Every structure is written in C-alpha cells, then in structure tokens.
Amino acid sequence: MVIHMNGRAGPPGSRAGSSGSPAERLLDRLQGVKRTAPDRWLARCPAHEDRHPSLSIRELDDGMVLLRCWAGCEFGQIVTAAGLQPADLFPQKTIPAGETRRQRIGKPFPAADILAAVANEALIVGIAARDLAQGASLTEADIARLFTASGRLMKASGFANG
Ligand SMILES: [Zn+2]
C-alpha cells in the first residue's frame, strides 16, 4: 500500500516493486524528504505526529539503511508505519562467501556506524523473538535474515579494529 498524501506522483516504473534499493523503497513512502548528503536524508517520521522532519535516514555502503527518530520512535515502529517490513530495509544481495565487507571496501568503519549497524541487527533478532513469542512462525526468508544478522554481529568487532 502506497499513499502519496503530499500529492507527489510516483515516478513511472523506475521504483515499482522491489527493484529499488532499500533506501529508495523507504524514501518513496515518507513525506517531507530532504536530502542532506549523498547518503543521508531527513524526513517526517511516519510513526509519530511529526510536523518538522525529525527522522534521519542514512544509507550505508552495502545498502543497509539506518534510521533514527529524534522523538525516540523505534526502528520497527517507523518501518511498520511506513508500510514496510524490517526486512525490506536490508539489501537482498549478499556478499560472496569468502569476501568480507572490509576487503570489498578497503577501509575500516567509524565505530559509531558499526554500533548503529549492530543495533539494527540486534533489533532484527528481537523482532523475530517477539514474533515467535506471540506464536507467529518465521518464514524461510526471516530465518535467512537472522543468520545474516548473527554473521554481521560476529564480524562487527573485527570491522571496528580497522
Ligand atoms: Zn518518530
């Protein structure tokens, strides 16, 4: 479901379906989007009454999207309010086996970025745990995503060491 409440018409074709990047999928569903840097945006948070853009969006090198609402909305709330699933905000492509992200990019990551990424991964695990606790079953894609999360969490400390 996509509602363009600000009257903005969707671009024809280019962003249809799931072909866009995770950031594009999200930005398409937000209002008041303003680009502040090549990989950063501000937008009105869909999860609370947000008159001034207080949601900061950041796209990482591997396509992962980090969200921070200055009003304190949680990642899952924001994603759900935008009409997406948390898994929609993670890139579908995986890094080929044997090639680490650090090798691919060739530089270490700032610790703050790694912590933010770890927080996102931890949230994915938490959401899955909650779903299970509520009696929902996980799809194969969910389970695959959890394995990705655990792999990223295990690698995170290595990234920080540069
Ligand atoms: Zn919010």
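Q: How many helices and strands does the secondary structure of the protein chain come to?

A: Helices (H or I, at least four residues) and strands (E, at least two) are DSSP runs, numbered from the N terminus. Here you get 5 helices and 4 strands, following the pattern α-β-β-β-β-α-α-α-α along the sequence. Keep in mind that this is a predicted model: local features need pLDDT of at least 70, side-chain atom pairs count only at pLDDT 80 or more, and totals for chains, interfaces and linings use all residues. Residues are numbered from 1 along each chain as its sequence is written.

Q: In what order do the 4 strands form the sheet?

A: Two strands pair if DSSP finds at least two bridges between them. In this model the order is β1-β2-β3-β4, in an open sheet with antiparallel pairing. β1 (31-37) and β4 are at the edges with a single partner strand each, so one side of each has no neighbour in the sheet. Between β3 and β4 there are 5 bridges, and Ile57 has Leu67 in β4 as its bridge partner.

Q: Which residues touch the most other members of the largest nonpolar core?

A: In soluble globular proteins, nonpolar side chains tend to be buried together. A nonpolar core is a set of buried Ala, Val, Leu, Ile, Met, Phe, Trp, Tyr and Cys residues joined through C-beta atoms within 7 Å; buried means 20 or more other C-beta atoms within 10 Å of a residue's own, with C-beta atoms placed from the backbone. This core has 20 residues, and Leu26, Leu55, Ile57, Val65, Leu67, Cys69 and Ile78 touch the most other members. Two or more residues come from each of α1 (22-27), β2 (40-44), β3 (55-59), β4 (65-69) and α2 (75-81).

Definitions and conventions
Buried ≥ 20, exposed ≤ 12 C-beta atoms within 10 Å, placed from the backbone.
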